[in-house]
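The following exercises show how a protein model may be read step by step.

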Amino acid sequence: GLCPLALSCVSSPGSCQGNSVERKIYIPLNKTAPCVRLLNATHQISCQSSISGDTGVIHVVEKEEDLNWVLADGPHPPYMILLDGQLFNRRVMLKLKKTSRVSGLAVTISKPSPAQGFSPGLKCPNDGFGVYSKDYGPQFAHCNQTLWNPLGSELSYEDFDFPIFLLEDANETQVIKQCYQDHNVPRDGVGPEYPLCAMQLFSHMHAVTNTVTCMRRSYLQSTFSISPEIMCDPLLDYNVWSTLQPINSSGKVEPDKEFILVATRIDSHSFFWNIAPGAESAVSSFATHLAAAEALHKMPDIHSLQRNIMFTFFQGETFDYIGSSRMVYDMEKDKFPLRLDNIHSFLELNQVALRENSVLWMHTDPVSRMNQSVEVQVRNLLDILSRSSQGANVTFQEAQFSQPLPPSSFQRFLRARHIPGVVLTDHEAAFHNRYYQSMYDTPENIQMQYPEGLSPEETLEYVTDTAKPLAEVPTVVARALYRLAGGASSTSAIQADPRTVTQMLYGFLIKMNNSWFQSIIKPDLKGILGDVPQHYVAVAGPVNTTYLVQYVLANLTGTVVNLTKEECQNPEKAPNTEHEIYDYAWVQGSLDPNSTSRVPFCVRSSVHLSKALSPAFELRQWGSTEYSTWTESRWKEIRARIFLVASKELEILTLLVGIAILIISLFATYFINAKADVLFSIPRDPGAVSY
């Protein structure tokens, strides 16, 4: 290992306060995000460190020529690279993957976002788990006709045997660069003198090989071991769903009752763990969905509509349709109130924020439309959507008939039954989103901008130039759904609120811990309101996104009822609560203007959660090709730090001196012990007389 020296010379003021020797030697990097190992039925992806962490001499790489020092010229391998975000691409990463001279990477965030785009996801997302296969539309399988994400580098699906961390704090990045400047910069092509600035990254993963291997080992451990060590966990969370007309969530609806299913995903992903802003890939669509639900619930005749409407928010869709495949499975196994036969039609909101000329594209499945009855219903759905957009500032156009569906939850329902359906997107063919499944799919990607000088409360309320046109989409969608459900009244009163849309975009993309979100959640959930929103599915749900979608939907579509806290938390004990069909939540409420306390209240809604765990884990089919098999490895610690290291010669000298001192100490101890009776004998008192 490398011998650490004190690093007080580069630490920021106050960073080495205290008496701890470790704190005087190391500077911890606290604002980082690791790349962690994920596994499916056949592969392991992402990265990890060795069990004791990986260490290397820091080299800053800001242009591609700087790599030559790391790959060939530098005399002090292995190197820990501080990589500029603009160079974090597949070509550079594969170069580094092939060498043994690299022990790890710390990646900076590129500002502004890479102009050429950056998507570490797949070119054909969720390939093999949608509806198209060798048995169904083989000409469309594997994105043969339309490559949906042409910018996808598939970097997230590579396996690296060294740790890779994202540096989220510009100040920490500057500390590293200063340490590099002070100690590591080559002089005239000659390696710098010791001591050198080094970095150590810890991110050892327990799971290896694939999901089948790690789940089998975990299962054996939990079966036969007293203190089992689990290797990995399935990706797991909850779907959020609600109905326009309340139904018994624990019962079964009548076979002849028809439902229109409205769906969207609420999760995203990037190369780094829990860094998943998902502005265009997820938030724009589920915010639109929520606003449409609010607009519909304001209509006075919703309880007399011929068809019911179900609003569904799927979790885990990024990872081979976890949420939608589980709901389909539950419907097939009679574990859900609805059956597949109850679904009249399907409408999905996909990526909708990056419209060109205010156009949204209506995608349908050309294979199922070969069936005449399905074709009639799809044509009716398309006509209603088109008519509903007349007079609005958004236009709905049909994608080519011969084009397949884009990656969508609807595909999982089509695998089970021919259901008439439409997927709405802002792209006719390839994604407009140049940052799909990346850390750059941020508010800036959908052109969210605020005037300078606004307070947090003013920013929350400010209706952005993104929110205004986006609010047109839920207006048209809600009007179409009302017509599709059999509504006869004028739809001109159905209007989505731009203020609601802008508040959701702010809360889900910029600052979750805002006054609106604080007021609509239960008091015991206030800890979920972190500052920077992320939408990764994780392994121990519900995650904060799921909770917030649940409570925002309840707030927008529910009713405030006059119940006490005890009655609200135990509605089965209160009269006339119909607790079988309604959910009750005692929420914090807004701050009282005259004090620092809140004014809580009870919300009644028809919002429910259902499990979003792949059926593969229910069935213990860990090698399934039918269902998602994604798991996340467990780990003991994730941390990063920098320090100064001495030369090998000094390390060897220190070791030899230590050994010499040890040997001298042993001899001294032996000698003292052998002569103890002489060295430590008590002298006789000369005044004593013997008789």
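A cavity is a set of points on a 1 Å grid, laid over the protein atoms alone, where a 1.4 Å probe fits but cannot get out. A pocket is an open set with protein on both sides within 12 Å along at least five of seven lines, and lining residues have an atom within 4 Å of a point. Grid points are joined across faces, edges and corners, and a volume is the space filled by probe spheres set on the points.

The model is predicted: local features need pLDDT of at least 70, side-chain atom pairs count only at pLDDT 80 or more, and totals for chains, interfaces and linings use all residues. Residues are numbered from 1 along each chain as its sequence is written, and side-chain values use heavy atoms, with hydrogens and water left out.

**Exercise 1. Cavities**

Task: State how many cavities of 30 Å³ or more the structure holds, and describe the lining of the largest cavity.

Solution. Step one: the structure contains 6 cavities of 30 Å³ or more. Step three: 19 residues line the largest cavity, and C124, D127, Y132, C143 and Q411 are the closest to its centre. Step four: this lining comprises 13 nonpolar, 5 polar and 1 charged residues. Here Ala, Val, Leu, Ile, Met, Phe, Trp, Tyr, Cys and Pro count as nonpolar, Asp, Glu, Lys and Arg as charged, and the others, Gly among them, as polar.

**Exercise 2. The largest pocket**

Task: Determine which element gives the most to the lining of the largest pocket.

Solution. Step one: the volume of the largest pocket is about 960 Å³. Step two: of its 36 lining residues, I109, K111, E168, M439 and T442 lie closest to the centre. Step three: helices (H or I, at least four residues) and strands (E, at least two) are DSSP runs, numbered from the N terminus. Two or more lining residues come from each of β6 (54–61), β7 (79–83), β10 (164–167) and α4 (170–183). Step four: α4 gives the most, with 4 residues. The lining as a whole has 20 nonpolar, 8 polar and 8 charged residues.

**Exercise 3. A sheet of 8 strands**

Task: Give the strand order of the open sheet of 8 strands, and identify its edge strands.

Solution. Step one: two strands pair if DSSP finds at least two bridges between them. Step two: the order is β18-β17-β19-β16-β14-β15-β13-β23, and the pairing is mixed. Step three: β18 (395–398) and β23 (607–613) are the edge strands, each pairing on one side only. Step four: from one strand to the next, the twist averages 25°; axes are lines fitted to C-alpha atoms, for helices over the stretch in contact, and angles run from 0 to 180 degrees between N-to-C directions. Step five: β16 (residues 343–349) and β19 (residues 421–425) run parallel, joined by 4 bridges. L349 stands opposite L424 in β19.
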